[in-house]
Amino acid sequence: MDTRTNEESVQKTPEGHTVVPRDADFDFNDEIPRYWQGEVFATRMFDAMQLTFPDGERMFIQSVRNYADKVTDPELKEQVKQFIYQEGQHGKAHSDFADLMIRQGVPVQGSIKRIRKGLKLFQKYAPKKFQLAATVAAEHLTASLGEYIMGHEDNLLQNAHPTMRAFYMWHGIEEVEHKAVAWDVYQEAAGGGYFTRALAMLLLYPLALIPLTGGVFVIMHFDGELNFKELKKGMSAMFGRRGLFSNTLIPVLRYFDPGFHPWQTGYPPNFHQWKKAYSDTKNLVSAMESVPY
């Protein structure tokens, strides 16, 4: 049964919660349409966002590994192990999808190189604790997106190609599943600290949102679809009443509460239903099909 925990007193991961390793088994073949969401902007919004994931996930893994040997809690040690596995699978899957975009003629290679270079510079010059704090902030953003996807799948993915719907549902579920791992490592092994984690979010959020918006415009311009009609639909998809970012703003703001913990938001709708379906079938498409939409 799906449950939500909304008590502000929640300060730890639920007892018995597990992070499950799953292989990314997606066939990103040429039958997947260029506009797999059925609309230009809705597709390109996800496409531009996902370009950051392959190298971003690798940075997340390394930032947690930097402190893994200082983790003493056996349950957290196991969750760190599975966090690393899940993030590795996410990076692999998003790299595979980027290859499909390249085959479709979308010029994303330059964006990927710039993202990779920026992340390497960040890892070279930023203190390791701040790298982990940035991961904590990023994990909260991706978990918030995952919770919104699972709670509003009929709005966001109802017209998506089945492979892509299964892909983003899987990624969203796993972001929710491991949403507190980097947080718990930050608190237990890196000494925690409100200022550092808050500063990381203050810097990360605009650095994620502004390039994302620009990336959408660049790809749409290449498509020949950068026009008022599409931009109007796009602004609604991102910032409208049902927009992806306008509806995740409150969770982002909750992050700045000094008493915040990622599990205060509990489990989103359909979380346990998806997990049970996957456990029964070991098939990501079947798990997606178990969720009503």
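## Largest cavity

About 120 Å³ of space lies in the largest cavity of this predicted model. A cavity is a set of points, on a 1 Å grid over the protein atoms alone, where a 1.4 Å probe fits but cannot get out. The volume is the space filled by probe spheres set on the points, which are joined across faces, edges and corners. Local features need pLDDT of at least 70 and side-chain atom pairs count only at pLDDT 80 or more, while totals for chains, interfaces and linings use all residues. Residues are numbered from 1 along each chain as its sequence is written, and side-chain values use heavy atoms, without hydrogens and water.

Lining residues have an atom within 4 Å of a point; here they are Phe46, Met49, Phe53, Thr142, Leu145, Gly146, Ile149, Tyr168, His171, Gly172, Glu175 and Leu244. Helices are DSSP runs (H or I, at least four residues) numbered from the N terminus. By class the lining has 7 nonpolar, 4 polar and 1 charged residues. Ala, Val, Leu, Ile, Met, Phe, Trp, Tyr, Cys and Pro count as nonpolar, Asp, Glu, Lys and Arg as charged, and the others, Gly among them, as polar.

The whole structure holds 2 cavities of 30 Å³ or more.

## Packing of α5 and α9

Helix α5 (residues 128–151) packs against helix α9 (residues 194–223) at an angle of about 60°, with the axes 8 Å apart. Axes are lines fitted to C-alpha atoms, for helices over the stretch in contact, and angles run from 0 to 180 degrees between N-to-C directions. The two helices are therefore oblique to each other (angles under 35 degrees count as roughly parallel, over 145 as roughly antiparallel, 65 to 115 as roughly perpendicular and the rest as oblique).

On the α5 side, the residues in contact (heavy atoms within 4.5 Å) include Phe130, Ala133 and Leu141, and on the α9 side they include Arg197, Leu199 and Tyr205. The residues of this contact comprise 12 nonpolar, 2 polar and 1 charged.

## Packing of α1 and α9

Between α1 and α9 the angle is about 125°, and their axes are 9 Å apart. That makes α1 oblique to α9. Phe41, Arg44 and Met49 are among the α1 residues in the contact, and Leu212, Phe217 and Asp223 among those of α9.

Notes: 1 Å grid on protein atoms, 1.4 Å probe; cavity = no way out; pocket = protein on both sides within 12 Å on 5 of 7 lines; lining within 4 Å.
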